[in-house]
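Here's a quick briefing to read with the model open beside you. Take a look at the structure first, then work through the points below.

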Amino acid sequence: MSSLAGTGALLRLAARRDRILLAIWLYAFAALVGATVYGFKKILPTAGAREKFAVSAGHNPALLSLYGPFYGSSLGSFTAWRDGAIAALLAGLMSVFIVVRHTRADEESGRLELVGATAVGRHASLAAALVLGVGANVVIGVVITAIQILLGLPAAGAILLSAGIVGCGLVFTGIAALTAQIGSTARSARGLAIGVLGAAFMFRAIGDSVSGSGPRWLTWLSPIGWAELTRSFGQAHQPVGLGCGASVVSVCYADQGPRWWVVALALLTAAASVAGAALLAARRDFGAGLVAQRPGAGTAAIWLRTPLALAWRMQQAWLLWWLAGGLVFGVVLGSAAKGIGGLLSSAQIRRAVARFGGQAAARLTQEVLRGQAGLANAYLATILGITGLAVAAYAVATVLRLRAEETEQRADPVLATRTGRIGWGLSHLVIAAVGAVAILAVVGLGAGLGYGARAGGIGSKVATLVGAGLAQAPAVLVLAGITVALFGLAPQASVAASWSILGAAVLMYVLGTALQLSHWVLDLSPFTHVPKLPGGTLSGTPLVWLVLVAVLLTALGLAGLRRRDIGT
Amino acid sequence: MTDAIDVAGLRKSYGKTVALDGLDLTVAPGEVHGFLGPNGSGKTTTIRILLGLLRADGGTARLLGGDPWAQATELHHRIAYVPGDVNLWPNLTGGEVIDLLGRLRGGLDVSRRANLIKRFELDPVVKGRAYSRGNRQKVALIAALASDVELLLLDEPTAGLDPLMEAAFRECVADERSRGRTVLLSSHILSEVEALCDRVTIIRRGRAVETGTLSDLRHLTRTSVDAELAGPPRGLDQLAGVHNLDVEGNRVHCEVDTEQLDGLLRQLTIVGVRSMTCQPPTLEELFLRHYAGDGAAS
């Protein structure tokens, strides 16, 4: 029997299981790219307006760290700027989920064992997952290329931009295949791969936003950075002056022509990681990872006696990783806040930034008027806003552990003791809420330390930024509350619905102003109501309201949990 | 004295699927009660309703004299439960799970715990994700047996255990009975039920089809008879309660309803019996009679 026998059948099974998920991903990519091209056409129709925008936004570290530098002022270059890194990040995320779901997750649950005992080769499941991952990326690449061409962008540039995005997706298809061999659980395999993805985004965020002699080469270490470095819509003979300011050199290239060979970097990396995964897969036992299982304690510690202690025991590693990551993230981005210069001079450009760069940039522009410190504050507020969304993802995932406990039948033995349903539910909710608040505080702390160390006044900066981080907490708690309500009232839909709602909040934050959504739509997102700190005015009323909404939703969810059947 | 479990006319549906269709089940205090039925017949649903995890659609269920839904947490002081499919927390060791579940239930007997770990040959330092199915089952069993409770709800507890461990399990249940504890044992393994249970309820498609002591139930079954006679048998085919009659010269094989045994023997001794073997009815036959044709429903 060949080691790949049965790959076709497994591939069809995987595609059948993922058909809805894949359709949603495809739609998200198509919507992102379509909305960007369309939005730029409407808002910055002339080359002149775009050039001015590029000059200012190309010197703004906040926008640089989010989106990267500009390579030209054409509509295509703007699309590449706005979507290149973000879509590459999303493609990586999608690939990790697909590959781990059909390899390690199936192996862990025992489903693969069922299949493995039939006439299926030992590499078949890995091969099927890889083909599905590659296929999903390629289909998305074709669709977004078509959308760009239909909206009038030059075909060569559209193909190169899509190739960069797909390339990043392929790299993470390979990396996920690798981590699926290394980690012995789906959670650890996914965690490792997403950790690499996060590091890739950080590397390019730093490489793109540092000024002067900073480590701009960091972008070259990042598969997400490669999607920018293709310079997909660049032209060979740009006027040298564009964006060549004194402080930021990253947009200054004499030759800004497209670099097709960067795609080869991605393809080679993807191929190498797939080869590595195949090598590891051939050497390890079924069900085992490279990280061996260690024995633990034969008796439980004295404190392990309540549902809360159990929840903490299950969640502690996950939370500690978030706290450590949050601190590093805060320090790195906080220290970049110093020296944010303002080339934003003309009111016209400011308006353009305000209308395009998302709510964050709109805020930024208002703050510019208050001068240098205002700009740094606005940058930090942007970072903390993004942190809020990320921490909301932590809170949603943590609350959803309740659902996993239920469906994986670990809830039954606990609920068959004198532990009540409310006590059991609250155990995980306390970890979610306290954990989320702690992560926000730690990011604020890191940002304060990083900024203060470079600009002076550590004490006051730490205090301000910890407070500013904590101001995000009410909105995060609302997302957690929505998840609890769904878990209590509509358990079967809770996982998909919670993540969709978080996804909608992220889209509103990133694209809200660009899509020119009306105010009442934006008001639906709790993050719209969070004060823009530091720098903005702190008003307690919306925060109190958000906390009340979160408490109400949680109470609703717990009431639902009390009344419903468990395990359905 | 109130019954440990008293279920009458219990109904539960999942959407269009009817899981329980008017189930009756009574378990007296101090007895080991076998709960038999094919896959999907509603055994687990019954136990989950008794645990207050599911809410019944109709009928009544009393557990230790209380309402299993409304008084779940109070009642859970007094019971222990072993699920049929044990999933452990991947990062907790078996020993930790035993301690945790015991403490959540209100305390466990440390010496009993040590004793049971030895008896079941469990390695308590292994993490949950690394245990085999049988070992996960042992963890749940030890956690339940080591706590001081009145009633044990065991849902197919020996699925996945090897024969040696099954024997250890039987000893433990016998111990529990001698301490006066009540056990509801859902099972597929007939020899286990025959060895352990005082009374048995057979459930099929959400209804109890037989209930009673094993000897009660045996009365409802047939004894198989092989005899060698002095001459050719006469008149056996007209006899009430005789089935699957097979006559070959002087040899006779048949099955007879247990209460009609006298009639058959009388008829045989008229001819004269040279040798004879009688097989008592097994639970298996009883079981198969009720299960037959149930494949589609399970």
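A quick term first: a helix axis here is a line fitted to C-alpha atoms over the stretch in contact, and angles run from 0 to 180 degrees between N-to-C directions. Keep in mind that this is a predicted model.

**A helix pair in chain B**
- Helix H3 (residues 94-105) of chain B packs against helix H5 (residues 133-145) of chain B at about 35°, and their axes are 9 Å apart.
- The crossing of H3(B) and H5(B) is right-handed.
- On the H3(B) side you'll find Gly94(B), Val97(B), Ile98(B), Leu101(B) and Gly102(B), which meet Val139(B), Ile142(B) and Ala143(B) of H5(B).
- That contact of H3(B) with H5(B) has 6 nonpolar residues, 2 polar and no charged.

**The sheet in chain B**
- Chain B has an open sheet of 3 strands, in the order E2-E1-E4, with antiparallel pairing.
- Strand E2 (17-27) and strand E4 (58-63) of chain B are the edges, each pairing on one side only.
- From one strand to the next, the twist averages 25°.
- Strand E1 (residues 5-14) of chain B pairs with E2(B) over 8 bridges, in the antiparallel sense.
- Tyr14(B) sits opposite Thr17(B) of E2(B).
- Helix H1 (residues 43-50) of chain B packs on the sheet and touches E1, E2 and E4 of chain B, with its direction at about 115° to that of E1(B).

**Where the chains meet**
- Contacts link 29 residues of chain A with 33 residues of chain B.
- Helix H12 (307-335) and helix H16 (411-415) of chain A each supply at least two residues of chain A's side, and H16(A) gives the most, with 4 residues.
- Chain A's side divides into 11 nonpolar, 11 polar and 7 charged residues.

How values were computed
Residues numbered from 1 in each chain as written. Chains lettered and ligands numbered in written order. Predicted model: local features only at pLDDT ≥ 70, side-chain atom pairs only at ≥ 80, totals over all residues. Left-handed = near helix turned anticlockwise from the far one by under 90°. Contact = placed C-beta atoms within 7 Å. Nonpolar A, V, L, I, M, F, W, Y, C, P; charged D, E, K, R; others polar. Pairing = 2+ DSSP bridges.
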